[in-house]
Amino acid sequence: MVLVGDNRSIYIPELPRARMSSGRLRGLRLLHTHLAGESLSQEDLMDMVFLRLDSVTALTVAEGGPQTAQVAHLLPPNPDDKSYEVFDQVRWDRLDLDLAKLIEALEDEFSRQIGARDLDSSEERVLLVSVDDTPQTVQQLSLEELAELADTAGLVAAGTMIQRVRKKNPKFIMGKGKLAELEVKALQTNASVVIFDQELSPTQIRNLAEITERKILDRTQLILDIFAQHATSASGKLQVEMAQLKYTLPRLVGKNRAMSRLMGGIGGRGPGETKLEIDRRRIDDRLTRLKKELEQVRKRRTQTRERRAKAGLPIVSLVGYTNAGKSTLLNTLTQSKVLAEDKLFATLDPTSRRIRFPQEREVVLTDTVGFIRRLPPDLKEAFRATLEELESADLLVLVCDAAHPEAEQQVEAVRSILADMELDAIPSILVLNKWDRLDEEGREAMGNVFPGGIPASALNRSSLEPVVEAILAAIPWGRLAD
């Protein structure tokens, strides 16, 4: 099949799906003319990268006919981290390159590298990207948390890319050169999804979708996807759906199934992206209905809290960073079987258990959704019904993962969110969970950072006696009696 274009563009039809599989190039070679004797340009190489072409060749042409030829092709993973190879210009009739054999060898190498990883075909591989003005060490720590989020969502982190910039590119978040490097790395690692640690604007998502066939997600969308997977109650599902619709509405973008026109500069993306056909008015109508249903949820929960208040039972709410061990602590104290996993956001729906402490004291212990830095605003609003449980709390038990390398920053993030919600006036105690995982030096450091913290291990019931004593001492029993 030979496709002929003009000096403006070439339209490329949709290609067979077999060409979309791992380890395959596009099955297309681009040959185009340069009239000023120039070599392959950066724009030519960008087209090759984003369209995943087998090769790109520039043929210089003068009045007497063709003059020179220059060829470039993509490279599989290599020790030098090169994205592509560009051959020297040669006289067009001296070009001795068997492209068919070369491309076959390249595809074999791509497939071999991918096969060597022993991939599970049921798991999607993702490339994690951070583009920010913060130091690279800070970005690396944030990407580690993003990798945990990806793992919770059932994705496999195939690699990372960090770029420190003074100012983010408003069009693509990063420059075209770095985007090309990112695209090649995604091809080399067989990543079908690219997740940015920063929130992308609707314009950036639209522009990125135009130049790559890979799924583009940002941190906010990943968290929303996790919530959608883990929400079990009817109210939780309503809240997640509302947050997702609010996030999606300004980002609706149409996608063509055929490849876009290959033009000067970055070429089009490939096929495989289905057209997004959602009526904005229908989304608005759905949001209106969801708000009404959530209002009913809030009313029911308010009635439940009022019944608890009449019974005179103090409410103790467990709060903390996600995966700090709140659900495990609830299970150990109340001998319950609330889902507790070593994953971020394993618990989404609030869970309450009545517990009888010594001296015939009874309290209601409530487990809430875990906090996280840069919690999406839409999600925070949508989960107001969940977080309203905290407003009626008589005591907050802030659970901290003392063994986490960023324990101090996580506690600060939780306290900052509580302050934003105007809940910082509620009495609180700090539990330094997972104390058993610290060595003597670590315990001394945690004791210095959090002198009022209570060491504990949520899995060890006997270690929780000081926690129970602190809870009983901190609850304002006299005010409750009044």
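Mentor: We'll take the sheet, then the cavities.
Trainee: What should I know about the source?
Mentor: This is a predicted model, where local features need pLDDT of at least 70, side-chain atom pairs count only at pLDDT 80 or more, and totals for chains, interfaces and linings use all residues. Residues are numbered from 1 along each chain as its sequence is written, and side-chain values use heavy atoms, leaving out hydrogens and water.
Trainee: In what order do the six strands of the open sheet run?
Mentor: The order is S11-S12-S10-S13-S14-S15, with mixed pairing. Strands are DSSP runs of E with at least two residues, helices are H or I runs with at least four, and both are numbered from the N terminus. Two strands pair if DSSP finds at least two bridges between them.
Trainee: Which strands stand at the edges?
Mentor: S11 (351-357) and S15 (454-455); each has a single partner strand, so one side of each is left without a neighbour in the sheet.
Trainee: And how many bridges join S10 to S13?
Mentor: Five, between residues 315-320 and 395-401, and the two strands run parallel. Val316, for one, has Leu395 in S13 as its bridge partner.
Trainee: New topic: how many cavities of 30 Å³ or more are there?
Mentor: Four. On a 1 Å grid over the protein atoms alone, a cavity is a set of points where a 1.4 Å probe fits but cannot get out, and lining residues have an atom within 4 Å of a point.
Trainee: What gives the most to the lining of the largest cavity?
Mentor: H4, with three residues. Phe50, Glu183 and Arg214 are among the lining residues.

Definitions and conventions
1 Å grid on protein atoms, 1.4 Å probe; cavity = no way out; pocket = protein on both sides within 12 Å on 5 of 7 lines; lining within 4 Å. Points joined across faces, edges and corners; volume = space filled by probe spheres on them.
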